[in-house]
Amino acid sequence: MKEADRQLRNKTRMEELYPTFAARLHRVIQRLEDQGLRPRIQDAWRSPEDQLKAYNSGHSKLRFGFHNVTGKNGKKEALAVDLLDDDAPLSPGKPYILRLAAAAESEGLTTGVRWGLVKKMRSAIDTAIATQNWGVDLKVGWDPLHVEPIGLSVDEAEAGKRPT
């Protein structure tokens, strides 16, 4: 994607996010860009119909998730994004995935980089991030480019609670 198009896409998708989440994500994107990476928000808010398709196809384990959050009058207030590497959208490298996880965690967010992994594999990710060993060969979780808040459940978000 051309750089101007990537930036416009990110700006447009940011408008679909709850403001405090958007501010944190903006800083994540800035951190990655400062490292020479080109993060692209692929998905932010998802309609219930699109979420059901993701669930039915096995791309999500939830019928309602952080992507589906809305506020009053149905205003889009997504609390999740899928943040692809625009230079390798179909096959992001481990360096991008680990740098994304580190940047997200520095902003009180998390990714799916550890999802579905046993403790030993999660510990390897922790060590790689702590030592900034971006090129290490390790296994990553099943949705490593998904970014969401820490300390908030999907049920709480659906009930109206938002991150501060």
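**Exercise 1. The pocket lining**

How do the residues of the lining of the largest pocket divide into nonpolar, polar and charged? Work through the pocket step by step.

*Solution.* Before we start, note that this is a predicted model, in which local features need pLDDT of at least 70, side-chain atom pairs count only at pLDDT 80 or more, and totals for chains, interfaces and linings use all residues. Residues are numbered from 1 along each chain as its sequence is written, and side-chain values use heavy atoms, with hydrogens and water left out.

Step 1: sort the lining. It holds 10 nonpolar, 8 polar and 6 charged residues. Here Ala, Val, Leu, Ile, Met, Phe, Trp, Tyr, Cys and Pro count as nonpolar, Asp, Glu, Lys and Arg as charged, and the others, Gly among them, as polar.

Step 2: look at the space. A pocket is an open set of points on a 1 Å grid over the protein atoms alone, where a 1.4 Å probe fits, with protein on both sides within 12 Å along at least five of seven lines; lining residues have an atom within 4 Å of a point.

Step 3: Of the 24 lining residues, Arg 46, His 59, Asp 82, Asp 143 and His 146 are the closest to it.

Step 4: trace the lining back to the fold. β1 (39-43), α3 (48-56), β2 (81-85) and β4 (143-149) each give at least two lining residues, and the largest share, 5 residues, is from β4. Helices (H or I, at least four residues) and strands (E, at least two) are DSSP runs, numbered from the N terminus.

**Exercise 2. The whole chain**

In what pattern do helices and strands follow along the sequence? Then describe the overall form.

*Solution.* Step 1: count the elements. There are 6 helices and 4 strands, and along the sequence they read α-α-β-α-β-α-β-α-β-α.

Step 1: check the dimensions. The C-alpha trace spans about 45 × 40 × 30 Å along its principal axes. The radius of gyration is 15 Å, which agrees with the value near 15 Å for a compact globule of 164 residues. That radius is taken over C-alpha atoms, and the globule rule is 2.2 Å times the number of residues to the power 0.38.

Step 2: look at burial and surface. Of the 164 residues, 46% count as buried; buried means under 20% relative accessible area, exposed over 50%, and partly exposed in between (1.4 Å probe, protein chains only). The protein exposes about 8800 Å², with 52% of it supplied by carbon and sulfur atoms. These areas come from the Shrake-Rupley method with a 1.4 Å probe, and for residues only the protein chains shown count as cover.

Step 3: ask how far apart the partners are. Among contacts (heavy atoms within 4.5 Å) with a separation of 6 or more, 72% join residues 24 or more positions apart.

**Exercise 3. The loop between α3 and β2**

Which residue in this loop has a positive phi although it is not glycine?

*Solution.* Step 1: find the residue. Asn 73 sits in the loop between α3 and β2, and its phi is near 60°.

Step 1: judge its surroundings. Asn 73 counts as exposed because its relative accessibility is 85%.

Step 2: move to Lys 76, also in the loop between α3 and β2. Lys 76 is partly exposed, at 35% relative accessible area. Leaving aside neighbours within four places in sequence, its contacts are Glu 16, Leu 17, Trp 45, Val 69 and Thr 70.
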